[in-house]
Amino acid sequence: MKVKMILPALAEAESPFWRPIKYSLFPPLGLATLAAYLDPDDEVDLQDQHVETLNLDDNPDLVVIQVYITNAYRAYKIADHYREKGAYVLLGGLHVTSLPEEAAPHADTIFLGPGEETFPAFLKDFKNNQAKKRYFSAKRTLAGIPPIRRDLIKRNRYLVPNSIVVTRGCPHHCDFCYKDAFFEGGKSFYTQQVDDALAEIDRLPGKHLYFLDDHLLGNYRFASALFEGMKGMNRVFQGAATVDSILRGDLIEKAAEAGLRSVFVGFETFSPENLKQSNKKQNLKKDYEAAVNRLHSLGIMINGSFVFGLDDDGQDVFKRTVDWGVQNAITTSTYHILTPYPGTKLFKDMEAQNRIVTRNWDMYDTRSVVYKTTKLTAQELKEGYDWAYKEFYSWSNIFEASLKHESAKHKLKHLFYTGGWKKFEPVWNFLIKTKSLNNMLPVLESILSKVRSTGYTKNKYAEDSINEPVERKNLYNKKRIKYKLHDFHEKINA
């Protein structure tokens, strides 16, 4: 059977502000994960429109398309094209799960929620000519999933081909997050078995990894065992965590010891009212600066995430946010205009309040205003967002933030990482066009090398698990979760 798997390009790809490097970072891991369920004899072609020109002149038997909100119209057009040619077309992903009735006319079958359970069920039905119109994931588990088909990934076209996901979902439920809709009706956060995650890591070449998990530190027992097992693997890695998980216990130290060198942190807003509005309870009454200091003491660079346009935001929010990032030496900042994705509580609330001004999904890119604002006008919000990016990444602020670090090595790391990411666009474009992105990995690994601790003292939020019950601390005792590397190799080679 000939199978075509497609990740259509986002609408932003046609924008004058499009940065090719941003979407040349990670391969389409979700599709490569599903491909592992296909028969070894199947002829599989995985195409990512962000890094290659789609070939639409072929004649596959089965077409699988992953749909995000800002590639939805393009995905539907591609789906219609292949259905006209007689192919059986599948649509799945975040947008399909949020708006199944919109997606259904463009597909023979749609998938709601994660596909580790439903895709193999579909393949069995398809071979028996009994395929259903809709599959919903109810049983959520990652136990025994087959190894990702990384042979289908064109590694030389990505800066970070060693991306990996060892959990699904998130333990938190922020009102603006579209992941809640995707995992509705079943477990919203679950993990791989530790041995399986370590085996996947061991299969990856080189030194650098990027965990794309929404919250790598979300399950203490799993994460602790994972980091223990990674000791001695000589890896450097990046991932995402919450302010609360950074301040609590010693898990962030375990991560740093295993090789964590850069972390994405959802600060989002400094306003308690905005945090309450967004149901981001995990950030309430948390000391952001204490979290920053703790990360810096471990030599971990920070990518801070901030949202503009929440109802308590006034005209001063942009300057305050940029100034805070520079003064606290945040390595990179990712800014977003509040976006009410379909399927989220935020969208439902705004729809009920008649605040949604457009349903043109191409504009739901977190850089456009698609709802009626309150204290800020739509123009003020857009202009403030654009100003924040330009100001934070000005050379003067890059240098100022770099000099805030204590060690010379951390100062240089900050300077090279931030400057390289934002100030050398022609270089990135050249590397992309010549398919040489992967050659930059040694440079990235060098920048992510270890920085010695500056002797940070745990604050009141991070006292050695002081607020955790003794039983829990005993449960997570190192001796009970010790995964020595040589034992692990014996298991997978048995």
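A word on conventions before the details. Residues are numbered from 1 along each chain as its sequence is written, and side-chain values use heavy atoms, with hydrogens and water left out. Because the model is predicted, local features need pLDDT of at least 70 and side-chain atom pairs count only at pLDDT 80 or more, whereas totals for chains, interfaces and linings use all residues.

Let me start with the sheet that has the order 2-1-3-4-5-6, an open sheet of six strands with parallel pairing; here strands are DSSP runs of E with at least two residues, helices are runs of H or I with at least four, both numbered from the N terminus, and two strands pair if DSSP finds at least two bridges between them. Strand 2 (43-48) and strand 6 (134-136) are at the edges with a single partner strand each, so one side of each is left without a neighbour in the sheet. Within this sheet, strand 3 (residues 62-66) and strand 4 (residues 88-92) run parallel and are joined by five bridges, and Val63 has Val89 in strand 4 as its bridge partner. Helix 2 (residues 72-84) packs on the sheet, touching strand 1 (2-7), strand 3 and strand 4, where contact means heavy atoms within 4.5 Å. The direction of helix 2 makes about 160° with that of strand 4; axes are lines fitted to C-alpha atoms, for helices over the stretch in contact, and angles run from 0 to 180 degrees between N-to-C directions. Helix 5 (residues 118-127) also packs on the sheet, touching strand 3, strand 4, strand 5 (109-112) and strand 6, and its direction makes about 145° with that of strand 6.

Turning to the other sheet, we have an open arrangement of six strands in the order 7-10-11-12-13-14, with parallel pairing. Its edges are strand 7 (163-164) and strand 14 (332-337), each with a single partner strand, so one side of each has no neighbour in the sheet. Strand 13 (residues 301-308) pairs with strand 14 in the parallel sense over six bridges, and Phe306 has Tyr335 in strand 14 as its bridge partner. Helix 13 (residues 317-327) lies across strand 12 (260-268), strand 13 and strand 14, running at about 175° to strand 13.

Finally, the helix pair: helix 16 (residues 395-402) and helix 17 (residues 408-422) pack at an angle of about 155°, their axes 8 Å apart.
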